[in-house]
Amino acid sequence: MTPRPAGPPDGSWGWVVAAAAFAVNGLSYGLLRSLGLALPDLADHFERSAQDTAWVSALALAVQQAASSGWALVFAPSLGTLSRYFSRRRVLAVGLALTGNGASSLVLAPALQFLLDNFGWRGALLLLGAVTLHLTPCGALLRPLVLSGDPPSAPRSPLAALGLGLFKRRAFAVFALGTALIGGGYFVPYVHLGPHALDQGLGGYGAALVVAVAAVGDASARLVCGWLADQGWVPLPRLLAVFGALTGLGVLAVGMVPATGPEDSWGAPLLAAAGAYGLSAGSYAPLVFGVLPGLVGVGGVVQATGLVMMLMSLGGLLGPPLSGFLRDKTGDFSASFLVCSSFILSGSFIYLGLPRALPSCRPASSPAAAPPPESGELLPVPQFALLPTGGPDSTC
């Protein structure tokens, strides 16, 4: 029998898994971010309001994540498998995989506008559906990895298989509540950033540029934040709370800053706000999944990833329709982004209840009482993740 490795290999086939997760993220959430450009055409064709058309993206997001169908069948396994291959460079690897979102948005936003202009919304969606078939070979690259910390047998009860027992851990329960609130506002720019730019007077390609600028900031920030988090200079929960709050402020800026100038202008103020939002949202994304092994252990990270997606989908189901409703009532998206930013800021405040989210100077637990690395009982600083039991004398 082949012995199980003591810990994640921190590379090896993991880089192939990272490449597959990059493509999966680009063909799922990157596509979802660009679909907002098609909502005005859908609203005109079906003679529906912005609130009604927002349900298209909201229901797609919620069904695929909460019901584990559609894109969730590849996204959750790809991120969960990737986290099992890395330890010291885990957040960087997750950030690299999640840059697929921004990279594909950079290409798909103008491409979708071109398809809408030349083939209509029906032809554009058919062509995008054909592109997403490339998810199939990505799933074939996800090679399972068995680690020494895994349970000896698979859970038999449905509740255990779903990982619902993770909610018994206080840290994960706090994380779950904060993540669900943030999900209520996090996906609103995915759906309404393009329509908001159109409402502000920008043309179709000007709105696509706003989406693309947010995507560039998003993609670059995921890599930088992943590298920063893996250095261990700042505990992951603290970074999670900080960048979550900055994401809320970025959403608020997008809603408050107008795009001035005629229709053929580039809308510099809105472009700057979209870029700031992309940087903050991109920094937040890898931390959400990178912090999970410290909360639940490597053995439960796949289940935890699925639960996180479900929690964010609950907020994502309500956020875009609420944003559309406020737009119908007020005539623009300013109030929508204001309300949705409040959800994100509230969730970031709840993150402060996580261990090490707030600075403190006190003696650490004795080495004998410390849990094994990545057992999920504590949130270890990344560079100590694979060291033997023990650690520094104090934490601050």
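Reader: Why is Tyr 205 called partly exposed?

Author: Tyr 205 has a relative accessible area of 43%. Buried means under 20%, exposed means over 50%, and partly exposed is in between (1.4 Å probe, protein chains only), so at 43% Tyr 205 is partly exposed. This is a predicted model, in which local features need pLDDT of at least 70, side-chain atom pairs count only at pLDDT 80 or more, and totals for chains, interfaces and linings use all residues. Residues are numbered from 1 along each chain as its sequence is written, and side-chain values use heavy atoms, with hydrogens and water left out.

Reader: What makes a nonpolar patch on the surface, and which residues form it?

Author: A patch takes residues with over 30% relative accessible area and no salt bridge; like charges are joined within 9 Å, and nonpolar side chains (Val, Leu, Ile, Met, Phe, Trp, Tyr) within 5 Å. Phe 114, Phe 119, Leu 127 and Tyr 205 form the nonpolar patch, with about 410 Å² of accessible area together. The areas come from the Shrake-Rupley method with a 1.4 Å probe, and for residues only the protein chains shown count as cover. Tyr 205, at 43%, is over the 30% that the rule asks for.

Reader: Which helix gives the most to the nonpolar patch?

Author: Helix α5 (residues 90–131) does, with 3 residues. Tyr 205 lies in helix α10 (residues 204–230). Helices (H or I, at least four residues) and strands (E, at least two) are DSSP runs, numbered from the N terminus.

Reader: How do you know that Asp 199 forms a salt bridge with Arg 327?

Author: The rule asks for a side-chain nitrogen of Lys or Arg within 4 Å of a carboxyl oxygen of Asp or Glu. The closest N and O atoms of Asp 199 and Arg 327 are 2.9 Å apart, so the pair meets the definition. Asp 199, at 33% relative accessible area, is partly exposed, and so is Arg 327, at 24%.

Reader: How many salt bridges are there by this rule?

Author: The count comes to 2. In the other one, Arg 222 pairs with Asp 218, the closest N and O atoms being 2.3 Å apart. Arg 222 and Asp 218 are 4 residues apart in helix α10, which means about one helical turn lies between them. Both Arg 222 and Asp 218 are buried.

Reader: What makes a cavity, and what is the volume of the largest cavity?

Author: On a 1 Å grid over the protein atoms alone, a cavity is a set of points where a 1.4 Å probe fits but cannot get out; lining residues have an atom within 4 Å of a point. The largest cavity has a volume of about 170 Å³. Of its 17 lining residues, the closest to the centre are Phe 75, Tyr 186, Phe 187, Phe 289 and Met 312. Helix α12 gives the most to the lining, with 4 residues.

Reader: Why is Leu 147 called buried?

Author: Its relative accessibility is 4%, which means it falls under the 20% cut-off for buried. Leu 147 lies in the loop between α6 (135–140) and α7 (158–162). The C-alpha atoms of Leu 147 and Gly 299 are separated by 7.9 Å, although the two residues are 152 apart along the chain.

Notes:
1 Å grid on protein atoms, 1.4 Å probe; cavity = no way out; pocket = protein on both sides within 12 Å on 5 of 7 lines; lining within 4 Å. Points joined across faces, edges and corners; volume = space filled by probe spheres on them.
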